[in-house]
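Please consider the structure shown below. The account that follows begins with an interface and then turns to particular elements of the chains.

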Amino acid sequence: MSKISVSELSQIQQKVEQEQALRQGQTGAGAHRMHLLICGGTGCQAAGSIAVYEALKAEIDKQGLSGEVAVVETGCNGFCALGPVMVTYPEGIFYVNLEEKDIPELVESHCKNGEPVERLFYKDPSTKKFIPHMKEIPFFALQELIALKNRSLLDAESIDEYIGRDGYKAMAKALKEMSPEDIVAEVKKSGLRGRGGAGFPTGLKWEFCQKSPGEDKFVLCNADEGDPGAFMDRSILEADPHSVVEGMVIAAKAIGANQGYVYCRAEYPLAVNRLQLAIDQAKDYGLVGENIMDTGFSFELNIYQGAGAFVCGEETALMRSIEGKRGMPRPRPPFPAVAGLWNRPTILNNVETWANIPQIIGKGGDWYASIGTEDSKGTKVFALTGHVNNIGLVEVPMGTPLRTIVYDIGGGIPKKHRKFKAVQLGGPSGGCIPQDKIDTPCEYAAIVEAGAIMGSGGMIVMDDSTCMVDMARFFMDFVQEESCGKCTPCREGTRRMLQILEKICAGEGEAGDIETLEELSATIQEASLCGLGQTGPNPVLSTLRYFRDEYEAHVFDKKCPARSCVALLEFKVDLDACKMCGLCFKNCPVDAISWKKKEPASIDLDKCIKCKTCIENCKFDAIY
Amino acid sequence: MAQTAIDIDIDEIIERYPGKPEYLIFLMQDIQAAFNYISPEALTLVCDHTGVAESQAYAVATFYNSFSLEPKGENLVQVCLGTACHLKGSGLIAENLMRSIGLDEPGTTEDLKYTVETVNCLGACALAPVAVVNEAYQPKVSSPKLMKTVKKLGDA
């Protein structure tokens, strides 16, 4: 493969666009009459999508359709809960939970005879009706895609497919037609704020770095997605790695950098592989490397695999880690825009931020700023998980109420006998938003006011079986474990807080514990060196703000109202509440429960291993 | 067995990178991947090559979760303890698994058959609770399911 020019880029684009027109519902333009796009993201692969993909190709060959029907493995589609999923074009029909054994029928009926297979359609959990078309499924219909615009529409391992979707066009524009100042001005105009969590205005960051004196500068991508319950960046890297590469080259031109790194978690092997492939392809085409598109501008890009330390998501720690050292943060200033990697001016943005850049340059900052709210521009990608029906990746305009995301897109709480309790945003640095604040719009200021942070996009829905003290303990355990140990408030303070929370969950809480937690929180927030410590107490403070009564029940009454903390449970059957259904008996893994029809269950405490399977299965809260 | 593997391959790994301090982590990652742990001998070779003091290399090796200075078991089981998995009971699943193979906490069994690790988040929350057994994702695991899978490996 040799380097391509701007005109060759548009030739590739036109050619591929014709073939891809099918995926916009237009027939007749490309070589195939039908495209089957099967998801090959981590979630779907774990659910068996590779076997389904192989079976599809084999079956299409067998039925003599390979000239007419193309099978494409895409990156993450977003609707991970129903994997493996597949979309067919031009019809736009969405198939879910595919298995190898479904394939012969599917190919014969759908591809050959034009009769879609109803039993494999998506079934709406509330109406129990099949919804055949992807665009009519509420999970997709209410989303607005910018960072995820190419999801499930292209082969993540083909640069040509990316180019077909206007890929590298914005980069060509930035390199050929725009000055560094123009690029920064456009990004500033867009109002884009860093999507990694802190929400710092991206254009401003670039401007600082652009004005920093120095020959060697660096552009970095933070793909060390460490917040538990967050998988936005993984999905973008798996589905659309070129958008990140393109964004980084544009920034490199803006600040005058010739070298960049993507710092990616080693726990994301598929993302690392696809990104490496994308970089190699871009190098082959001369879109990364020496003298890009004959503009005289050069940019080298490499992947650096993280070795497993949450604190390396902090910018100064990440840079230390690339230098081959312990990833520990250092005080700022100087900010990385002045002295970052190897003490050179550096900008670091996260994956989602980068994925927005090509479109901001391509369509203009004003276009981007027209989406969202006054305070928060554009869209935000959330990883919707926890006790919610439609687990997956969701991109919505800023300002969308949480209720819309949890109920309309997310489909609400799966277990009928459970109620919504809270939604957790921002992971270990964030907080939870309870039922009565569910109409809070997703914008930076409003979410902070409600007691959480926008964060990187983890959105965990919790039903009323969740103990909020246990959630606080969970996050504190995480922060304490991941504290790098450099500064005392974080190292020692989080340990003390964890000890108190563990004591409370074990039923050994004492009067004064809650107040001590508050006092420690204030000190840790005030005195820690980096964001990890400064925000570490947030999960405790936000649960205390809304669920103080639950803390008090643990400490004073030795009760866990959510029936979650094992030490505070007696594993007895409430005879008044028991409806004698036998579900506990049927699910007990150690046969510790005796039950007969029309008789209440009873638990043999000598056999019971306190695994809580009975409590999770009881629909009447009859085990305490 | 691991010892002979080191004799054969370690020099090749060391030569993959220039002898500069910034390649310390790259080298340790490759050694970890090849041998499942970093032996004291390997660490010394890395230090000689990169010019990093052994104390510093040790500091780096103990800082990052992915490095192990002890040999790992034949079978690696990782149980995700991310938020979504935690909500769905992964903590108990990990405890039950460890109890069933005679471990009190994450680590390696004496017979070097199993290593159990708990990991923070695999980003596969739709599959929660999720475990990874010898690199294969196990979606929506339960205690009995995971114990069965793991026991089968040990018997094989």
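In this predicted model, chain B and chain A bury about 3,300 Å² between them, and carbon and sulfur atoms give 63% of that area. The size of an interface is often given in this way, as the accessible area lost when the parts come together. Three residues, Phe63(B), Thr83(B) and Leu87(B), supply 20% of the area that chain B buries against chain A, more than any other three residues. On the side of chain B that touches chain A, at least two residues each come from α2 (24–35), α4 (54–63), α5 (83–87) and α6 (90–100) of chain B. In terms of residues, 35 of chain B are in contact with 53 of chain A.

Which polar features accompany this interface of chain B and chain A? There are 15 residue pairs in polar contact across it, both residues of each pair being at pLDDT 80 or more. The count of salt bridges between chain B and chain A, by contrast, is 0.

Chain B itself is divided by the domain assignment into domain 1 (10–63) and domain 2 (75–155). The centres of these two domains of chain B, taken over C-alpha atoms, are separated by 29 Å.

Within chain A, helix α8 (residues 180–190) contains the buried residues Ile183(A), Val184(A), Glu186(A), Val187(A) and Ser190(A). Why do the buried residues of α8(A) line one face of the helix? Seen down the axis of α8(A), they fall within an arc of 160 degrees, and therefore they line one face. The partners against which the buried residues of α8(A) pack are α7 (169–177), α9 (202–211), α11 (241–255), α14 (351–363) and α15 (365–369) of chain A. After α8(A) comes Gly191(A), which has a positive phi, near 75 degrees.

A further residue of chain A, Gln13(A), lies in helix α1 (residues 6–20). Is Gln13(A) buried or exposed? Its relative accessible area is 9%; because buried means under 20%, Gln13(A) counts as buried. Apart from neighbours within four places in sequence, Gln13(A) is in contact with Ile163(A), Gly164(A), Asp166(A) and Lys169(A). With one of these, Asp166(A), the contact is polar: the side chains of Gln13(A) and Asp166(A) make a polar contact at 2.9 Å.

Notes:
Residues are numbered from 1 along each chain as its sequence is written. Chains are lettered from A and ligands numbered from 1 in the order in which they are written. This is a predicted model: local features need pLDDT of at least 70, side-chain atom pairs count only at pLDDT 80 or more; totals for chains, interfaces and linings use all residues. Side-chain values use heavy atoms; hydrogens and water are left out. Domain bounds come from an automatic or database domain assignment. Buried means under 20% relative accessible area, exposed over 50%, partly exposed in between (1.4 Å probe, protein chains only). Helices (H or I, at least four residues) and strands (E, at least two) are DSSP runs, numbered from the N terminus. The arc is that of the directions from the helix axis to the C-beta atoms. Contact means heavy atoms within 4.5 Å. Buried area is the accessible area (1.4 Å probe) that two parts lose on being put together, summed over both. A salt bridge is a side-chain nitrogen of Lys or Arg within 4 Å of a carboxyl oxygen of Asp or Glu. A polar contact is a pair of N or O atoms within 3.5 Å; within protein, one must be able to donate a hydrogen and the other to accept it, and residues adjacent in sequence count only if both atoms are side-chain atoms.
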